Structures are given as C-alpha cells and as structure tokens.
Amino acid sequence: MVLVFIDQSEGHIKKSSFEAANYASAIAAQTGTTAEAILLGTVNDDPASLGKYGIKKVHTVADAALNHFDAQVYTKIIAETAANADIIVFSNNTTGKAVAPRLSVKLKAGLVSGAVALPETSNGFTVKKTVFSGKAFANITVTTAKKIIALNPNSFSIKPGEGTAEVAPLNITADKAKVAVTNTDLVKGEVPLSEAEIVVSGGRGLKGPENWGMVTELAHLLGAATACSRPVADIHWRPHHEHVGQTGLAIAPNLYIAIGISGAIQHLAGVNRSKTIVVINKDPEAPFFKAADYGIVGDAFEVMPKIIEAVKKLKG
Ligand SMILES: Cc1cc2nc3c(=O)[nH]c(=O)nc-3n(C[C@H](O)[C@H](O)[C@H](O)COP(=O)(O)OP(=O)(O)OC[C@H]3O[C@@H](n4cnc5c(N)ncnc54)[C@H](O)[C@@H]3O)c2cc1C
C-alpha cells in the first residue's frame, strides 16, 4: 500500500496535498497496489473527495488538538498507520520537511526529499530529485523495504477524476504536545506564496516600498501572490515571508514575473523551477535574462503601468 499524508490548513486541504495524492496513486498504479491517505485534525473539506485523486481509503483522526501542527505528535500517529505501507508520500512543504525525516528514522525507511518525478521501478527503486538548490538533479536509489518520498510542490500535475474514498476514523488519542503554541500570527495574503500558480516579485530596482503598489495591483489582477528578493525583505520594504531564494522560500509557480531583480544565483535558486519566467529590468546585461523565457528591457516605472493597463483591458 502507498500511504500519502494529507496536509491541511485552517480546515482546508492544501493544494500541494492534492498533488501528493495524485502522485501516490500514480505510484500505486505503477507498483500494482492501492493508495490510502492519512488526514489529521478537523477539516471542513470532505475527506471522501480524495477519491477523485485516486485515494481508496482515508484514515482520519478528527481531533481538534491536531489542528496545531506538532512534528513529534504527527510523526507518532503517522508511524502507526504507516506500519502497513510500503511507500509513504509527503509534500516537501514545511510540514513534510519536519515529519518525513523523523518518520524515516522511526521506520528505518530510506527517504528521498525534493522528488520531482515518479520513481523508476523497472530495476530497483530510483527517484529523481533536485539538489544544490535546484541547480541539478540526482537519481537516488532507495534500498530499504519501506520508502518515503517527499514530493516538491508544483512538480506533479493534479488530474482530478471520479471516485469517492472510504473514510476510516482511527481510534487514536493524540499525545499531548511537548511544546505549546501560545500565539499564531497568520499571514493573510490573497494567495499563499508556496501554493501560488502566478507570482509577481519585486527587487531593489523598485527603489522603495512606496512603489510596491504596481506589484500588488498586477498581482491582484492576475490572482497572483507577491514575492521579493532578499535585500528588499532585509531593508523591511516587504515582509520576510515574501523573500524567495536560497535562504528564503523555494517556489515553482507556472508564471514568475520578476521586476527590478538582478537575478543573482542565490535568488535564482528559489525560483528557477518556475515553468515560465518573465523578467523586467532596465539593464540588458542583468543575469536574470539568461534564465528568462520572456524579457522586457526597460524601466519598470514605464513598463509596469502599460502591463497593468493591458491586463485590465484583457480582463474587460
Ligand atoms: C549566502 C547568501 C544567500 C543569499 N540568499 C538570497 C536569497 O535567498 N534571495 C535573494 O533574492 N537574494 C539572496 N542573496 C542576495 C543576492 O546575492 C543578491 O544580492 C540579491 O538577490 C539582489 O537583490 P536585487 O536583485 O533585488 O537587487 P540588486 O542586485 O540591487 O538588483 C536590482 C536590479 O534592478 C534593476 N533595476 C534598477 N532600476 C530599475 C528600473 N527602474 N526598472 C527595471 N529594473 C531596474 C537593476 O538593473 C538590477 O538588475 C543571498 C546572498 C548571499 C551571499
């Protein structure tokens, strides 16, 4: 059996979990077994709807104490359910990064984190993953009986079909967490950056925080999230959770629009898995143009109003 961990936030299943579910069911089909899921906490979404992503059975622990993520508590519960699984799949997001390594130790299971493709199973079990902040790929052969894969978000397309999963509540009482959450500061953006299909991002070329109106306006029009380069967050023009790159968030949207960002290697490390990159920079020699699919050489303060106008016209 292939078991996938379904991550939720604020009572809703995350988009990255639908990808992980589709990925797990594709592995199950490939290896001639079935895919099941585990979902912790109370959710508004119907767990049975995971059947649309190829999941046959969803193990649930609808305990409100689990709505606050705790890596140790989660690992213990998942380990019990994973006892019957050959392969366990996570999304390689914050939760997956905290739980998958702990589970790997607990179950003595080989772990591949940052997977970007289905495993090659014709001769052993080899998984392709990104290394060196996305600058290269490595093929990792897992030799343990139990295997854990953490799939990079936006690496596997979601293809919902038909089907309803059986929902099987687990008779487990969550352990008391060893740490208590005293305060949660939720980032309220229109679109969460890590899940966004489109990202509009600004760099030091925008001169100051007072000029971010055009970034947020374009993002709003496109239903996109906003991001920024590291210096922009360091000098407090934008909040730190928007910082992408080697030392920030690594994202892989379908479209990344970079405005006034030079394209330093540390920045590219966080965005080079984007499917299409559009760069707006007044310097034709800016390194970002080498990584761009489309480039506009021009002053952002002249180009952006024109783009915003064009998008508005397109949207009627
Ligand atoms: C260990 C380490 C880790 C790092 N991690 C990260 C990271 O995670 N993320 C990150 O982003 N950086 C990171 N950096 C910093 C990185 O090296 C760069 O310094 C940074 O990305 C540059 O930010 P920037 O492109 O916004 O600014 P700049 O380098 O100042 O570039 C500004 C760009 O805007 C253009 N420009 C100027 N005016 C205009 C205009 N009017 N219209 C259009 N274009 C204009 C310029 O031509 C220039 O290309 C890291 C550095 C180190 C050493």
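Predicted model: local features only at pLDDT ≥ 70, side-chain atom pairs only at ≥ 80, totals over all residues.
Here Ala, Val, Leu, Ile, Met, Phe, Trp, Tyr, Cys and Pro are counted as nonpolar, Asp, Glu, Lys and Arg as charged, and the others, Gly among them, as polar.

View 1. The ligand is surrounded by 26 residues, and the closest of them are Ser229, Thr247, Ser262, Gln266 and Asn281. Sorted by class, this shell around the ligand is made up of 14 polar residues, six charged residues and six nonpolar residues.

**View 2. Polar atoms of the protein beside nitrogen and oxygen atoms of the ligand.** A polar backbone atom of Ser262, a residue that is also among the closest to the ligand, lies 2.7 Å from an oxygen atom of the ligand. A polar side-chain atom of Asp299 is found 3.0 Å from a nitrogen atom of the ligand, while a polar backbone atom of Gly205 lies 3.4 Å from a nitrogen atom of the ligand. On its own the ligand has 980 Å² of accessible area, of which the protein covers 76%.

View 3. Two or more residues of the shell come from each of the elements α5 (230-234), α6 (265-271) and α8 (300-314).

**View 4. The largest cavity and its lining.** The structure holds one cavity of 30 Å³ or more, and the volume of the largest cavity is about 40 Å³. Its lining is formed by Lys15, Ser16, Glu19, Asn93, Pro153, Asn154, Ser194 and Glu195. By class, the lining of the largest cavity comprises four polar residues, three charged residues and one nonpolar residue.

Technical notes: Residues numbered from 1 in each chain as written. Heavy atoms only, no water. Near = heavy atom within 4 Å. Polar contact = N/O pair within 3.5 Å; in protein donor to acceptor, adjacent residues only side chain to side chain. Areas by Shrake-Rupley, 256 points an atom, 1.4 Å probe, with all protein chains shown as cover. Helix = DSSP H or I, 4+ residues; strand = E, 2+ residues; numbered from the N terminus. 1 Å grid on protein atoms, 1.4 Å probe; cavity = no way out; pocket = protein on both sides within 12 Å on 5 of 7 lines; lining within 4 Å. Points joined across faces, edges and corners; volume = space filled by probe spheres on them.
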